[in-house]
Amino acid sequence: MQFTTKMIPLAGALALAFAGAASGQEQVVKIGHVGPISGAIAHLGKDNENGARMAIDELNAKGVTIGGKKVKFELLAEDDAADPKQGTAAAQKLVDAKVNGVVGHLNSGTTIPASKIYADAGIPQISPSATNPKYTQQGFKTAFRVVANDGQLGGTLGRYAVQINKAKKIAVIDDRTAYGQGVAE
């Protein structure tokens, strides 16, 4: 991934969170991860968790320093089972554990209600896959997405089909999931 100017707010939010973690005697930076580790899409949540764990391991292997002090990153993983109630409980648990940042949640339906909890605590949240526009439209300075939102996805896919693949007819299929509905609309 190439660093762009759009990533500056994210980098700034994380730097502030991490800098606070590395001050004084504290040398552990706690990163929370939340995704569906149980339920129908547990395989997706586990893949995301494994990716976060690999990133943490790579950072620790590099011996990252913040403010001249070596820090150790620690991953605190929680299961939201793709359920908003369980998602907010997981978010509160991470806030109570005083994490410095959160990677997650996977689904918009859990990401949106959890984002208020993180925002109230001043904890940066980076969702790797929440596409509902409402997530960032709430205006929380701690909420970041790394993928396009539903409003951008559907139109872009349609334009690609017509302009690049020269499609003459396009069908929109709504699979009755929250994600499918958002992209279809």
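**Exercise 1.** In this predicted model, find how many bridges join strand 5 to strand 6, and which residue of strand 6 is the bridge partner of Val-102.

*Solution.* Locate strand 5 at residues 101-104 and strand 6 at residues 125-127. The two strands run parallel, and two bridges join them. Then look for the partner of Val-102 in strand 6: that residue is Gln-125.

**Exercise 2.** Work out which strands stand at the edges of the five-stranded sheet.

*Solution.* Begin with the strand order, which is 4-1-5-6-7 in an open sheet with parallel pairing. Strand 4 (72-79) and strand 7 (143-145) each have a single partner strand, so one side of each is left without a neighbour in the sheet. These two are therefore the edge strands. On average, neighbouring strands of this sheet are turned by 20° against each other, direction ignored.

**Exercise 3.** Check the length of helix 6, then explain why its buried residues line one face.

*Solution.* Helix 6 (residues 150-163) has 14 residues, and at 1.5 Å a residue these should span 20 Å. The end C-alpha atoms are 20 Å apart, which agrees. The buried residues are Asp-150, Gly-158 and Ala-161. Seen down the axis of helix 6, they fall within an arc of 65°, so they line one face. Finally, Asn-149 caps the N-terminal end of helix 6, with a side-chain oxygen 2.9 Å from the backbone nitrogen of Gly-151.

Terms used
Residues numbered from 1 in each chain as written. Predicted model: local features only at pLDDT ≥ 70, side-chain atom pairs only at ≥ 80, totals over all residues. Heavy atoms only, no water. Pairing = 2+ DSSP bridges. Helix = DSSP H or I, 4+ residues; strand = E, 2+ residues; numbered from the N terminus. Axes fitted to C-alpha atoms, helices over the stretch in contact; angles between N-to-C directions. Expected span 1.5 Å × (residues − 1). Buried < 20%, exposed > 50% of the residue type's maximum accessible area, 1.4 Å probe, protein only. Arc of directions from axis to C-beta. Polar contact = N/O pair within 3.5 Å; in protein donor to acceptor, adjacent residues only side chain to side chain.
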